[in-house]
Amino acid sequence: MRAVVASISLLAALAAGGALAADPAGRTPKPVFEAAVTGTQCVAPPEIMRRSHMDFLKHQRDDTVHGGIRGAKFSLKGCIECHASQTTGSVNQAETNFCVSCHSYAAVKIDCFGCHTGKSGATVAQGGPK
């Protein structure tokens, strides 16, 4: 039993040492993403969007689904129009795409794009559960 615990401790120490070697400061590297469309200003300051964007999107989702209110301040379509990659045209297809980079960093699964496309101007697939 002691040998198993010692082996696990050694593996954990080696893994931590490898992670620390990747960054001299010993910190997790921050996400890298492509900038938003130039010349535009976000609907709220970055520090507020980082902390509360999911609440804004959920509230807007409810207003849209239950009240038919579209095109409001915190619409998913508006986010995609500004934050879609110039390379991929998406916010969720590559590691440097806006949504993917931060959600990977935070280990958060994004489920918006199962129904909504991550591409600006693309058609959302029809169908789904009946």
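Is R61 buried, partly exposed or exposed? R61 counts as partly exposed, at 46% relative accessibility. Here buried means under 20% relative accessible area, exposed means over 50%, and partly exposed lies in between (1.4 Å probe, protein chains only). R61 is found in helix α2. Its side chain makes a polar contact of 3.1 Å with the side chain of D62. A polar contact is a pair of N or O atoms within 3.5 Å; within protein, one must be able to donate a hydrogen and the other to accept it, and residues adjacent in sequence count only if both atoms are side-chain atoms. R61 and F74 are 13 residues apart along the chain, and their C-alpha atoms are separated by 9.1 Å.

The model is predicted: local features need pLDDT of at least 70, side-chain atom pairs count only at pLDDT 80 or more, and totals for chains, interfaces and linings use all residues. Residues are numbered from 1 along each chain as its sequence is written, and side-chain values use heavy atoms, with hydrogens and water left out.

The predictor's confidence in each residue is given as pLDDT, from 0 to 100. The chain averages a pLDDT of 74. At least 70 is reached by 71% of the residues. Over residues 3–22, pLDDT stays under 50, and the model has one contact for them beyond four places in sequence. Over residues 123–130, pLDDT also stays under 50, and the model has three such contacts. A contact means heavy atoms within 4.5 Å.

The secondary structure comes to four helices and zero strands. From the N terminus on, the order is α-α-α-α. These elements are DSSP runs, numbered from the N terminus: helices are H or I with at least four residues, and strands are E with at least two. Of the 130 residues in the chain, 16% are buried. Among contacts with a separation of 6 or more, 52% join residues 24 or more positions apart. The chain exposes about 9,900 Å², and carbon and sulfur atoms supply 60% of that area. Accessible areas come from the Shrake-Rupley method with a 1.4 Å probe; for residues, only the protein chains shown count as cover.

Aromatic rings come next. The count comes to two aromatic pairs. Rings of Phe, Tyr and Trp (its six-membered ring) pair if their centres lie within 6.5 Å; planes under 30 degrees apart count as stacked, over 60 as edge-to-face and the rest as tilted. The ring centres of F33 and F98 are 5.0 Å apart and their planes stand at 75°, so this pair is edge-to-face. F33 lies in the loop between α1 (2–22) and α2 (46–67), while F98 lies in helix α4 (residues 98–105), so the pair ties together parts that are 65 residues apart in sequence. F33 is partly exposed, with a relative accessible area of 36%. F98 is partly exposed as well, at 24%. The pair of F56 and F74 is stacked, with 4.1 Å centre to centre and 15° between the planes. F56 sits in helix α2 and F74 in the loop between α2 and α3 (76–83), 18 residues apart, and the pair links distant parts of the chain. F56 is partly exposed at 22% relative accessibility, whereas F74 is buried at 18%.

The largest nonpolar core has five residues: I80, A84, V91, C99 and F113. Such a core is a set of buried Ala, Val, Leu, Ile, Met, Phe, Trp, Tyr and Cys residues joined through side-chain atoms within 4.5 Å. In soluble globular proteins, nonpolar side chains tend to be buried together. Beyond its neighbours within four places in sequence, C99 is in contact with V91, I110 and F113.

In α4, the buried residues are C99, V100, S101 and H103. Their cover includes α2. H103 counts as buried at 18% relative accessibility. Leaving aside neighbours within four places in sequence, H103 is in contact with H53, V108 and I110. Just after α4, A107 takes a positive phi of about 55°.

N97 lies in the loop between α3 and α4. N97 counts as buried, at 0% relative accessibility. A polar contact of 3.1 Å joins its side chain to that of T88. Not counting residues up to four places away in sequence, N97 touches F33, E34, S85, T88, S90, V91 and N92.
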